Amino acid sequence: MTLPQKHAPAATAPSPSVTVTATTPPAGDELPLVLAGPILRRVESQRLVLWLATSRAVQVQIEVDTGEGAPCQFRPIPGSPAYRLLKAGARLHYMLIDLALETPLPAGRWIGYDLALAPADGIDRTGTEAGANWQHWRDWAPELCYPDRATPGFVFAPRVASLLHGSCRKPHHDGGDGLTRVDRLLGELIATNAADADPAPGEDGLPGWPSALVLTGDQIYADDVAGPMLGAIHALIGRLGLPVEALRGAEEAGVHDAAALYAHPASYYRRETLLPQHKRNYALIEVLFGGVEKPVFTSASAHNHLITLAEVLAMYLLVWSPAPWAGLRIAPPSNLSAEDAALWAKESALIDTFRTDLAAVRRALAHVPVAMIFDDHDVTDDWNLSREWEEIAYEHPFSRRVIGNALLAYAVNQGWGNDPDAFDDASLAHLSKALQAPGGDAHEDCIRHLLKFESWHYAWPSTPPLMVLDSRTRRWRSEHAARQPSGLMDWESLTDLQHGLRDLPAVLLVSPAPIFGVKLIEAIQRVFTWFGHPLMVDAENWMAHPGAAQAILNIFRHRKTPQTFVVLSGDVHYSFVYDVELRGREHGPDIWQICSSGVRNEFPPRLLAVLDRLNRWLYSPRSPLNWLTRRRHMRVIPRKYEGAARGRRLLNGAGIGLVEVDAEGVPWRIRELLADGRTIAFVRDEDAARWD
């Protein structure tokens with residue numbers, strides 16, 4: 001494969017000016033006490049989970065006020081099940097607060113929580129104060145609370161009446177941030193006192209307080225990073241005092257550790273040139289860094305792909321909170337070409353806009369339970385697409401480390417709070433050792449552990465239950481053709497899913513990729529796959545693998561699985577809704593395929609317009625192509641979004657999805673809250689229904 005000339009190695013170029021390699025933070029450099037969070041995670045009747053990252057080891061004090069009697073006060077002991085800690089570097093501490101509540105939380109009522117922190121060196125092991133300096137949330141995040149509220153809080157809504165969902169949040173996308181609409185919605189609900197009322201909608205059309213915010217993938221873009229964001233990452237790494245990571249397998253490029261990587265002339269906009277260059281590893285450039293052209297779907301620029309563990313950890317802080325940006329000094333590297341310097345300037349303006357939204361994003365994440373799951377860009381584009389992809393990517397220590405670092409950072413920042421019980425003492429010990437000594441044997445042991453980990457999926461006990469699928473790490477690999485796309489879930493994981501669904505009347509099922517997608521786009525993917533190029537079109541859909549497709553459809557048809565499925569998806573950078581009715585000798589289940597993507601991203605508008613209209617024409621209700629491409633005996637009723645032009649079904653624009661369901665778990669209103677302030681409803685279009 002031939003690389004573009006602009007990305008050729010520049011061995012004689014001067015080192016970049018953004019180089020921060022010290023393991024000790026600069027003297028006199030003060031960081032905010034709380035770097036990110038609190039993020040409200042899992043909430044159950046007698047359980048409250050919060051995640052946050054701090055610059056110092058701290059003791060925690062929480063008051064939970066349900067409005068019934070005096071507030072309950074908690075001061076969990078560090079290291080106990082109620083207060084788990086992980087340390088990464090001199091100034092980065094992660095904590096998961098997992099409170100067991102004696103009294104069940106009241107449903108449908110505002111519950112405030114007051115979070116105070118004190119440096120751990122001022123308190124002994126038993127929690128006794130020794131001159132402790134307690135700092136309340138007003139001291140380290142005064143913007144965290146909504147107007148007219150005394151503290152941050154939430155509404156416990158175990159019976160789901162409304163739910164927010166979305167995927168794909170790229171910081172340097174120019175189009176607004178859907179998470180700011182979450183913040184605006186919560187503020188409106190508080191202003192109208194909906195937070196203190198029954199969750200049924202009022203006359204103004206507002207929903208009840210959302211039971212959850214479900215982020216269905218690509219919470220970060222580890223493989224598509226703007227130059228100024230990478231500069232901020234490197235500046236923050238130095239301030240945090242994160243350890244220098246040894247990089248096995250990168251020695252041929254003159255990069256033996258993280259310090260050498262950050263100082264290398266190819267560190268910005270040319271990282272793909274640092275991969276091993278002997279013949280048998282050429283494929284790594286295509287597999288890991290997306291060097292292949294993508295004529296149908298958007299092409300991801302991976303020339304600033306995150307590599308080290310410190311880089312991924314720093315990015316999570318920078319995309320979730322304004323705090324770590326304070327005091328960062330970011331300048332472009334001195335060796336940029338004129339073309340890359342112009343790109344840096346353009347991206348700087350986009351990143352500045354992204355930063356202005358972070359206070360609202362931080363506030364929203366503190367007020368509604370947040371469920372998360374990875375998709376490919378949280379790790380790397382086309383992650384585990386095929387057996388060939390896996391054999392190439394995991395056989396070399398360098399690419400394996402890149403993937404492992406992203407997965408490790410996901411575990412700490414996202415996976416941990418989804419299901420704390422899945423992370424036992426052994427798993428946390430692996431994470432702890434890797435964070436404190438990246439690049440060593442303990443780091444490799446941790447990556448091996450995470451690559452074998454089979455508990456990324458999880459369920460929350462709401463009504464209906466929220467069941468979140470792992471469609472990335474337990475794939476149905478092709479045995480006869482290594483380049484064929486893998487099924488999104490293997491037989492064992494699908495069997496486990498069916499067992500978990502038995503005897504449920506309804507379910508909220510989270511599949512990062514849509515189970516029922518756009519037929520034209522799936523047909524294009526099938527053509528490219530037939531010619532042996534699935535990477536060119538991101539050929540990742542449920543129907544691309546016959547075994548996985550048949551198995552998931554059989555699960556829907558099983559007589560003991562739910563009669564109501566609400567499938568929440570993302571991934572594709574546009575939003576759409578299908579009502580699907582499965583039919584046979586007996587009445588089958590009703591399925592709603594609801595896709596909301598992206599939170600801060602979108603599909604190329606002109607290309608989407610062409611594909612949308614062409615799909616509407618080629619697969620109209622009377623088209624014979626429907627019979628040639630039948631999946632199973634089903635009736636598909638697309639929904640048209642309000643204001644759509646003739647022939648359009650796919651909504652393009654950054655935003656967040658809002659689904660409202662009745663007492664039976666059936667959606668009665670489906671809307672997209674766009675970042676530009678518009679609210680768009682999806683309306684069932686019976687005239688466009690087709691048999692499939």
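Accessible areas here come from the Shrake-Rupley method with a 1.4 Å probe, and for residues only the protein chains shown count as cover. This is a predicted model, where local features need pLDDT of at least 70, side-chain atom pairs count only at pLDDT 80 or more, and totals for chains, interfaces and linings use all residues. Residues are numbered from 1 along each chain as its sequence is written, and side-chain values use heavy atoms, leaving out hydrogens and water.

**View 1. The whole chain.** The accessible surface of the chain comes to about 25100 Å², and 52% of that belongs to carbon and sulfur atoms. Of its 692 residues, 63% count as buried (buried means under 20% relative accessible area, exposed over 50%, partly exposed in between, with a 1.4 Å probe and protein chains only). You will find 17 helices and 24 strands; these are DSSP runs numbered from the N terminus, with helices being H or I of at least four residues and strands E of at least two.

**View 2. Helices α3 and α6 meet.** The axes of α3 (residues 227–240) and α6 (residues 309–320) come within 9 Å and cross at roughly 105°. Axes are lines fitted to C-alpha atoms, for helices over the stretch in contact, and angles run from 0 to 180 degrees between N-to-C directions. The two helices are therefore roughly perpendicular to each other (65 to 115 degrees; under 35 counts as roughly parallel, over 145 as roughly antiparallel and the rest as oblique). Residues in the contact (heavy atoms within 4.5 Å) include Met229 and Leu236 of α3 and Glu311 and Leu318 of α6.

**View 3. Ile447 in helix α12.** Look for Ile447 in α12 (residues 441–452). With 0% relative accessibility, Ile447 counts as buried. Setting aside residues up to four places away in sequence, Ile447 touches Arg400, Arg401, Gly404 and Asn405. Ile447 and Arg400 are 47 residues apart in sequence, with their C-alpha atoms 8.6 Å apart in space.

**View 4. Two cis peptide bonds.** Another joins Ser597 and Gly598, with omega about 0°, and Gly598 belongs to strand β19 (residues 597–600).

View 5. Cys168 is not a glycine, yet has a positive phi of about 70°. Cys168 lies in strand β10 (residues 162–169) and, at 1% relative accessibility, counts as buried. Asp218, also not a glycine, has a positive phi of about 60° and is found in the loop between β11 (213–215) and α3.
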